[in-house]
Amino acid sequence: TGVQTCALPIFGDAAERLTVAVAFLKAKGYDRIALVSHSMGSRMSNHFLAAGPAHGIAAWVAIGISSGEFVEAARFSFPILDIYGERDFPQVLKNADARAATLRKLKGSAQIEVSGSDHYFAGSEAELVRHVQRFLGRQFSAP
């Protein structure tokens, strides 16, 4: 599948760690879990999420996904926030329209380009945090 073509050898380790982290949070009584990731971490998160069921994830924030694409995201049952900088890496920018098309099919999903920001959101950290808080607030405020 497409999941295998985007995976690097370390992605299996990342998926295992994410599985353990979600199980830990569930054991603590958390039933609505968001995954927030950046760059290569977003690729690893995408691999984890696409490899099977939602694993208890209720929302995903993908910040500057380094591959520039979502793999199998159209079959996800949770909303995604795709956020990237206006001066992000070329691959991230190149595939923004394709990611937006995928997000239009996922209820509650959104895409935000942070004006003037680079891939690392240097100088735009507060704006990044505001966008993430607003998105997650909308996802978790309803019962």
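What is the mean pLDDT of the chain, and what share of its residues reach 70 or more? The mean is 91, and 93% of the residues get to 70 or more; pLDDT is the predictor's confidence in each residue, from 0 to 100. Over residues 1-5, though, the pLDDT is below 50, and beyond near neighbours in sequence this stretch has seven contacts in the model (heavy atoms within 4.5 Å).

This is a predicted model, where local features need pLDDT of at least 70, side-chain atom pairs count only at pLDDT 80 or more, and totals for chains, interfaces and linings use all residues. Residues are numbered from 1 along each chain as its sequence is written, and side-chain values use heavy atoms, with hydrogens and water left out.

**Strands**
- Strand 1 (residues 33-38) and strand 2 run parallel, joined by six bridges; strands are DSSP runs (E, at least two residues) numbered from the N terminus, and two of them pair if DSSP finds at least two bridges between them.
- Strand 2 also runs parallel to strand 3 (residues 80-87), with four bridges joining them.
- W60 in strand 2 is the bridge partner of L35, and W60 has I80 as its bridge partner in strand 3.
- Strand 2 (residues 57-63) is mostly covered, with six of its seven residues buried (under 20% relative accessible area, 1.4 Å probe, protein chains only).

**Helix 3 and M40**
- M40 sits in helix 3, which covers residues 40-50 (helices are DSSP runs of H or I, at least four residues).
- M40 counts as partly exposed because its relative accessibility is 31%, and partly exposed means between the buried cut-off and the exposed one, which is over 50%.
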